Amino acid sequence: MAVLFLDSSALVKRYIAEVGSQWVAGLMIPTSTNAVHISVVSGAEVVAAFVRRERGGSLSPDQASRAIAEFGDDWSNLYELVRADRAVINRAMLLAKKTSWPARL
């Protein structure tokens, strides 16, 4: 089991097919038992991303509604929410510098 922290751009890939979506899906396979942590701020950021894409025409109203509903369900049942204070943000910045991500999502 791994403990993962996903930012809002990675979370969006879980609900909307785009470059990197398969990679995120691989992290989220139920049998992996990965613990997925997200910032409480991600809730607003992810919903805003869906609405922005709907307004921009890359998502239909139905697609946006479905993505928002799926994210809302996962928000309540799947993710571990992390409150972001200065200490948490400082630690996250250090970890971000140390973590090597795939060169291409």
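# Reading helices in a predicted model

The axes of α1 and α4 come within 10 Å and cross at roughly 115 degrees.

User: Which hand does the crossing of α1 and α4 have?

Analyst: This is a predicted model, and in it the crossing of α1 and α4 is right-handed.

User: Which residues meet where α1 and α4 cross?

Analyst: From α1 come L11, R14 and Y15. On the α4 side they meet A67, E70, F71 and D74.

User: Take D74 from that list. Is D74 buried or exposed?

Analyst: A residue counts as buried when its relative accessible area is under 20%. D74 has a relative accessibility of 12%, so D74 is buried. Its place is in helix α4, which covers residues 61–77.

User: What does D74 touch, leaving out residues up to four places away in sequence?

Analyst: D74 touches R14, Y15 and Y79. With Y15 there is also a polar contact between the side chains, at 2.6 Å.

User: Now α3. Why does the distance between its end C-alpha atoms agree with its 16 residues?

Analyst: Helix α3 runs over residues 41–56, and at 1.5 Å a residue its 16 residues should span 22 Å. The end C-alpha atoms are 23 Å apart, which agrees.

User: How do I read which way the residues of a helix point?

Analyst: An α-helix has 3.6 residues a turn, so residues three or four places apart point the same way. In α3 the buried residues are S42, G43, V46, A49 and F50. Seen down the axis of α3, the buried residues fall within an arc of 135 degrees, so they line one face of the helix.

User: What covers the buried residues of α3, and which exposed residues are on the face turned away from them?

Analyst: The cover includes α1 (8–15), β2 (35–39) and α4. The face turned away from the buried side carries the exposed residues A44, R52, R55 and G56.

User: What follows α3?

Analyst: G57 follows α3, and the phi of G57 is positive, near 90 degrees.

User: How far apart are K98 and I38, in sequence and in space?

Analyst: In sequence K98 and I38 are 60 residues apart. In space the distance is 19 Å, C-alpha to C-alpha.

Definitions and conventions: Residues are numbered from 1 along each chain as its sequence is written. This is a predicted model: local features need pLDDT of at least 70, side-chain atom pairs count only at pLDDT 80 or more; totals for chains, interfaces and linings use all residues. Side-chain values use heavy atoms; hydrogens and water are left out. Helices (H or I, at least four residues) and strands (E, at least two) are DSSP runs, numbered from the N terminus. Buried means under 20% relative accessible area, exposed over 50%, partly exposed in between (1.4 Å probe, protein chains only). A polar contact is a pair of N or O atoms within 3.5 Å; within protein, one must be able to donate a hydrogen and the other to accept it, and residues adjacent in sequence count only if both atoms are side-chain atoms. Contact means heavy atoms within 4.5 Å. The expected span of a helix is 1.5 Å times one less than its number of residues. The arc is that of the directions from the helix axis to the C-beta atoms. Axes are lines fitted to C-alpha atoms, for helices over the stretch in contact, and angles run from 0 to 180 degrees between N-to-C directions. A crossing is left-handed if the near helix is turned anticlockwise from the far one by less than a right angle, and right-handed if clockwise.
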